[in-house]
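This report describes selected features of one protein chain.

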Amino acid sequence: IYGMNDSIYEALKEYIIIENCSESPSGEEGNFESAGEDSRENKFAGSDETESLIELNSADSIQLVSLRGIGPVFAARIIKYRNLLGGFYSKRQLLEVYNFSEETFNEIKRYIITDSTAVKKIRINYAGYAELIRHPYLDKSDVDKIMEFRERYGQLISIDQIRSLIPADSLKTEKIRRYFTCR
């Protein structure tokens, strides 16, 4: 469904009912099953049992290790990076985890989802230097500029002000926007 992101789906999934058709349009007997990334049940690669999708922001290391190509080391790295970020808003962010390969991502992407409502935003006007410097999308010069602005002019009114403080490409700006709030 266009316009329905993972967060909306997660909130509505228990109310969505799709009838199982017993007859195909051609008159042949058969069942229609949903398939692909949004399917609620999938076969894990290399597994004979059907399992539900793994939500990255709430998954523990045992759930992550059940995915093909994810061992205890990668599971620990994923959880550590998730905690530094404040949660994943996109499953593609797994590619930012140290040494996480595109091949592994392509192998598991249909078995994982992200709940973007679970992302913990940092209140940029109240966060201290130590909290800001820990965030992976900010470097020391970015944090220094934010702290200097707050000292000189007071609180930021909008996240868009960060754009003028931190010269960055649109991708970095969009990433930052997901993790910070001025409230």
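A residue counts as buried when its relative accessible area is under 20%, as exposed when that area is over 50%, and as partly exposed in between. The model is predicted. With a relative accessible area of 38%, Ile16 is therefore partly exposed. Ile16 is located in the loop between α1 (6-12) and β1 (41-43). Together with Ile8, Leu12 and Tyr15, Ile16 makes a nonpolar surface patch of about 380 Å².

Seven salt bridges are counted.

| Pair | Closest N to O distance |
|---|---|
| Glu102 and Arg92 | 3.7 Å |

Lys175 is buried, at 17% relative accessible area, whereas Glu96 is partly exposed, at 28%. In the salt bridge of Glu102 with Arg92, Glu102 is partly exposed, at 37%, and Arg92 is partly exposed as well, at 45%. Lys140 and Asp144 are four residues apart in helix α6 (residues 140-153), which means that about one helical turn separates them. Asp144 is partly exposed, at 30% relative accessibility.

One cavity of 30 Å³ or more is counted, and the largest cavity has a volume of about 50 Å³. Its lining consists of Ile159, Asp160, Ile162, Arg163, Ile166, Thr173, Ile176 and Arg177. Helices α7 (160-165) and α8 (170-179) each give two or more residues to this lining. By class, the lining has four nonpolar, one polar and three charged residues.

Conventions
Residues numbered from 1 in each chain as written. Predicted model: local features only at pLDDT ≥ 70, side-chain atom pairs only at ≥ 80, totals over all residues. Heavy atoms only, no water. Patch = residues over 30% accessible without salt bridge, like charges linked within 9 Å, V, L, I, M, F, W, Y side chains within 5 Å. Areas by Shrake-Rupley, 256 points an atom, 1.4 Å probe, with all protein chains shown as cover. Salt bridge = Lys/Arg side-chain N within 4 Å of Asp/Glu carboxyl O. Buried < 20%, exposed > 50% of the residue type's maximum accessible area, 1.4 Å probe, protein only. 1 Å grid on protein atoms, 1.4 Å probe; cavity = no way out; pocket = protein on both sides within 12 Å on 5 of 7 lines; lining within 4 Å. Points joined across faces, edges and corners; volume = space filled by probe spheres on them. Nonpolar A, V, L, I, M, F, W, Y, C, P; charged D, E, K, R; others polar.
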